[in-house]
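Here are my notes for you, point by point. Keep the picture open while you read.

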There are 2 protein chains.
Amino acid sequence: MAQYKIPNATIKRLPLYYRYFQFLSDSHNQKVSSTELAKAVQVDSATIRRDFSYFGSLGKRGYGYEVEPMVEFFKKLLNQDKTSKVALVGVGNLGHALLNYNFSQTNNIKIVAAFDSDPAKIGTQINQITVYDIQDVAQHLHEQQIDVVILSVPVGSAQVVTDRLVQAHVKGILNFTPLRISTPENVRVHNVDLANELQTLIYFLDNYSA
Amino acid sequence: MAQYKIPNATIKRLPLYYRYFQFLSDSHNQKVSSTELAKAVQVDSATIRRDFSYFGSLGKRGYGYEVEPMVEFFKKLLNQDKTSKVALVGVGNLGHALLNYNFSQTNNIKIVAAFDSDPAKIGTQINQITVYDIQDVAQHLHEQQIDVVILSVPVGSAQVVTDRLVQAHVKGILNFTPLRISTPENVRVHNVDLANELQTLIYFLDNYSA
């Protein structure tokens, strides 16, 4: 697949578009107007047009979008014809919930291994996913060809565990800890900071609400 | 506090700055260079300078930042001198984890009430937070003066529950369901879509990694 230069904000909306076209396809719709699309995904039409423009001519002006070609397009773009395998590190409360979270409901993502340092957890299964000893993380990731990891360890061990993951040749980390972890440039980190999200929402309400 | 017109991206970084200055204060640092600050919060210096410029003259060129005044400034800005009370709706796996999540570790946010429709859960306590019947949500939110809610119900009931929350005069919803919920304009929704976050990370790795 060709490499596009696309803004981050656009990339973040791609799964949203894909999911909606998939939904339309599942409910046997053949086309959708750009107004309906904008309303459903809650992104304004101008932004959608600009997003789509990065990929050449998708849709026709005044006609809208044909569902099946769009599903196929996004499926290829997002590699949804293969399942992405990821691992989870840190089986605390949040880790436990993420192991039970149905990522495959909307995306072809599957957590296939979990890691922890607690002997009481090692060897157990949660939602059919085995919890392995964090000591053996390099070996298991290598064997199962996993290079994306969800990090949900306590903040105090976040950097130590990250260093270990980097040594194990992890390429991407979805970081749920409130710590901004340090990694080499070739390891990509996306942060999901739950307290920050809530704080930002409250800030907006305090300062901008009617 | 004066109303600033600040870009969303800047607002999302404010809690990060606050948290770092707070950390410096806790560890008895009196000043920090802009290079150190940039490294710690992983935002480049130019962006930090632009962010801070919205608030007038913070810091001195070539000198860096004095910690205590910055802590005080962000504390006021983010209303950290009062605790923000929020409620959680939907005590499934994720909701359960969020009730145990220590939001107050880094931010003055406290979940003070939870709601569910499952009779087995109603009346129980999780992390000292009582689970109430979702039928009574309007009454409890009103009594406890809560207008911000974390939504972690199953996707199938997301919109129905949202409509109920809107009727209960909720002003902000942190939406953890994969559904883009519809609300009137005066109700602000922030989406935390976990599958989307993971999908976006994988897309970057597939398309932009070395």
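1. Helices (H or I, at least four residues) and strands (E, at least two) are DSSP runs, numbered from the N terminus. With that in hand, look at strand β4 (residues 109–116) of chain A, which runs parallel to β6(A) and is joined to it by three bridges. Across this pair, A:Phe115 stands opposite A:Tyr132 in β6(A).

2. Some ground rules. You're looking at a predicted model, where local features need pLDDT of at least 70 and side-chain atom pairs count only at pLDDT 80 or more, while totals for chains, interfaces and linings use all residues. Residues are numbered from 1 along each chain as its sequence is written, chains are lettered from A and ligands numbered from 1 in the order written, and side-chain values use heavy atoms, leaving out hydrogens and water.

3. Now zoom out to the sheet in chain A. Seven strands make an open, mixed sheet in the order β5-β6-β4-β3-β7-β8-β9. β5 (125–126) and β9 of chain A sit at the edges with a single partner strand each, so one side of each has no neighbour in the sheet.

4. Next, β7(A) and β8(A): they run parallel, joined by four bridges, and A:Ile150 stands opposite A:Leu174 in β8(A). Which way do the β8(A) residues point? A:Gly172 and A:Leu174 go one way, A:Ile173 and A:Asn175 the other, and all are buried (under 20% relative accessible area, 1.4 Å probe, protein chains only). In a regular strand, side chains alternate between the two faces of the sheet.

5. A:Thr130 is in strand β6 (residues 129–133) of chain A. Its side chain makes a polar contact with that of A:Gln125 at 2.9 Å. (A polar contact is a pair of N or O atoms within 3.5 Å; within protein, one must be able to donate a hydrogen and the other to accept it, and residues adjacent in sequence count only if both atoms are side-chain atoms.)

6. Finally, where the chains meet. The contact (heavy atoms within 4.5 Å) takes 65 residues from chain A and 65 residues from chain B. There are two salt bridges between the chains, each a side-chain nitrogen of Lys or Arg within 4 Å of a carboxyl oxygen of Asp or Glu. One of them joins B:Asp193 and A:Arg19 (2.8 Å, N to O).

Conventions:
Buried means under 20% relative accessible area, exposed over 50%, partly exposed in between (1.4 Å probe, protein chains only). Two strands pair if DSSP finds at least two bridges between them.
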